[in-house]
Amino acid sequence: MRRCEKAKEIILKEKKLTLDTVKKILKEHTTGICGHTKVHLHDDTVTLASVILNPKDKWLLLCNTNPCKGTYKKYRL
Ligand SMILES: [Zn+2]
C-alpha cells in the first residue's frame, strides 16, 4: 500500500479530518509515512521531524523528531 492510500484509509476510518487525524497519519509506520525503522531504510528516506501548517490561522506545529516519539509545539506565523 502506498503512503497516500494509507492516509486516505485513515481519514475514511476516522470519518472526519481533525488535527488528531493528521497527527495519526504522520505517525503511521506500516507504509513509512513516519519512516525511520529498519523496515523503511531501504527507500533512501528517513523522517527526521514533522510539521503541520495552518496558514489560514497563521500557525504551525513542529515536532522536532520522529512524530511517533515526540510532541508538537505550536508557533505563530
Ligand atoms: Zn515513527
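Tutor: Two residues are in contact if their C-beta atoms, placed from the backbone, lie within 7 Å. This is a predicted model, in which local features need pLDDT of at least 70 and side-chain atom pairs count only at pLDDT 80 or more, while totals for chains, interfaces and linings use all residues. Residues are numbered from 1 along each chain as its sequence is written.

Student: Which residues is cysteine 34 in contact with, leaving aside its neighbours within four places in sequence?
Tutor: Cysteine 34 is in contact with Leu26, Lys27, Glu28, His29, Thr47, Asn66, Pro67 and Cys68. Cysteine 34 itself is in the loop between helix 2 (19–26) and strand 1 (50–54); helices (H or I, at least four residues) and strands (E, at least two) are DSSP runs, numbered from the N terminus.

Student: Why is cysteine 34 called buried?
Tutor: Cysteine 34 has 21 other C-beta atoms within 10 Å. A residue is buried if 20 or more lie within 10 Å of its own C-beta, exposed if 12 or fewer, and partly exposed in between, so cysteine 34 counts as buried.

Student: What makes strand 1 and strand 2 a pair?
Tutor: 5 bridges join strand 1 to strand 2 (residues 59–63), and the two run antiparallel. Pairing requires that DSSP find at least two bridges between the strands, so they pair. Among the bridge partners in strand 2 are leucine 60 for leucine 53 and cysteine 63 for serine 50. The hairpin has 4 residues between these strands, and there lysine 58 takes a positive phi near 60°.

Student: Which strands are called edge strands?
Tutor: 3 strands form an open antiparallel sheet in the order 1-2-3. Strand 1 and strand 3 (73–76) each pair on one side only, and they are the edge strands.

Student: How do helix 1 and helix 2 pack, and at what angle?
Tutor: Helix 1 (residues 3–14) and helix 2 pack at about 145°, with axes 10 Å apart. Axes are lines fitted to C-alpha atoms, for helices over the stretch in contact, and angles run from 0 to 180 degrees between N-to-C directions. Ala7, Ile10, Ile11 and Glu14 in helix 1 meet Thr21, Lys24 and Ile25 in helix 2.

Student: How many residues of each class does that contact have?
Tutor: The contact of helix 1 with helix 2 has 4 nonpolar, 1 polar and 2 charged residues. Ala, Val, Leu, Ile, Met, Phe, Trp, Tyr, Cys and Pro count as nonpolar, Asp, Glu, Lys and Arg as charged, and the others, Gly among them, as polar.
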